[in-house]
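Here is a short briefing for a reader meeting this structure for the first time. Begin with the model itself, then work through the points below.

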Amino acid sequence: MKSTLPVKVINLGKHPLPAYQTEHSAGLDLRANLEAPVTLKPLQRALIPTGLCIELPEGHEAQIRPRSGLAFKHGISIVNTPGTIDADYRGEIKVLLVNLSDADFVVEDGERIAQMVVARYERVGWQPVEELSETERGAGGYGSTGKK
Ligand SMILES: O=c1ccn([C@H]2C[C@H](O)[C@@H](COP(=O)(O)OP(=O)(O)OP(=O)(O)O)O2)c(=O)[nH]1
Ligand SMILES: [Mg+2]
């Protein structure tokens, strides 16, 4: 990408700053910053520190998303996916991993456990009304366009 968004960062941890793994990756891989490995038993969850504190520009959020490789190979996901990092959050970014497999999983220090995607957002200004515009879909949802 030609242009990048400047984001202030403090790295409390011992690993390099997150990096994009390929030229057009949307997500920066986040590493676990641990003093000792953490074992997740089946269905167990743990808040894993990353050592990173950031200052996002106003109008931006960061989403903390699972990595598909860990999900596919080991059933590792994120309980609150996508996690939301607010632009006014100054604490350490943490990742709420969960083990959805039937085997123990060990999170190692420095392991890439999640990815962070930064996105712009809009804030809503409510306009209370009596009616909403008519559409073909109307109130249909939850598979309304699928098989009968
Ligand atoms: O996966 C996550 C999700 C959130 N946070 C941090 C950043 C975020 O800005 C703050 C609050 O997150 P959220 O709004 O999702 O949590 P809450 O339960 O609503 O807590 P709060 O009342 O503090 O907003 O926690 C993380 O470090 N990791
Ligand atoms: Mg909140």
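Which residues are around ligand 1? In this predicted model, they are Ile-64, Asn-80, Gly-83, Thr-84, Ile-85, Asp-86, Tyr-89, Ile-93, Lys-94, Val-95 and Leu-96.

**The shell around ligand 1**
- By class, the shell has 6 nonpolar, 3 polar and 2 charged residues.
- Two strands, β8 and β9 (94-99), each supply at least two of its residues.
- Gly-83, Thr-84 and Ile-85 are in the shell, and residues 83-85 form β8.
- Lys-94, Val-95 and Leu-96 also belong to the shell; they fall within β9, which covers 94-99.
- Ile-64 is another shell residue, and it lies in β6, which covers residues 60-65.

**The sheet**
- Four strands make an open sheet in the order β2-β11-β6-β8, and their pairing is antiparallel.
- Its edges are β2 (28-31) and β8 (83-85), each of which pairs on one side only.
- From one strand to the next, the twist averages 35°.
- Side chains in a regular strand alternate between the two faces of the sheet.

**Pairing, strand by strand**
- β2 and β11 (residues 112-120) run antiparallel and are joined by 4 bridges.
- Here Asp-29 stands opposite Gln-115 of β11.
- β11 also pairs with β6, in the antiparallel sense, over 6 bridges.
- His-60 stands opposite Arg-120 of β11.
- β6 is joined to β8 by 3 bridges, and these two strands are antiparallel as well.
- Ile-64 has Gly-83 in β8 as its bridge partner. Both Ile-64 and Gly-83 are among the residues around ligand 1.

**The whole protein**
- The protein has 1 helix and 11 strands.
- Along the sequence, the pattern reads β-β-β-β-β-β-α-β-β-β-β-β.
- Its radius of gyration is 19 Å, whereas a compact globule of 148 residues would have one near 15 Å.
- The C-alpha trace spans about 55 × 40 × 30 Å along its principal axes.
- Of the 148 residues, 20% are buried.

**The annotated domain**
- An unreviewed UniProt entry places the feature "domain: dUTPase-like" at residues 16-146.
- Over residues 16-146, the chain is 5% helix and 35% strand.
- The end C-alpha atoms of this stretch are 47 Å apart.

Terms used
Residues are numbered from 1 along each chain as its sequence is written. Chains are lettered from A and ligands numbered from 1 in the order in which they are written. This is a predicted model: local features need pLDDT of at least 70, side-chain atom pairs count only at pLDDT 80 or more; totals for chains, interfaces and linings use all residues. Two strands pair if DSSP finds at least two bridges between them. Axes are lines fitted to C-alpha atoms, for helices over the stretch in contact, and angles run from 0 to 180 degrees between N-to-C directions. A residue is near a molecule or strand if its C-beta atom, placed from the backbone, lies within 6 Å of it. Ala, Val, Leu, Ile, Met, Phe, Trp, Tyr, Cys and Pro count as nonpolar, Asp, Glu, Lys and Arg as charged, and the others, Gly among them, as polar. UniProt positions are given in the numbering used here, feature names are shortened, and annotations may be inferred rather than shown by experiment. The radius of gyration is taken over C-alpha atoms; the globule rule is 2.2 Å times the number of residues to the power 0.38. A residue is buried if 20 or more other C-beta atoms lie within 10 Å of its own, exposed if 12 or fewer, and partly exposed in between; C-beta atoms are placed from the backbone.
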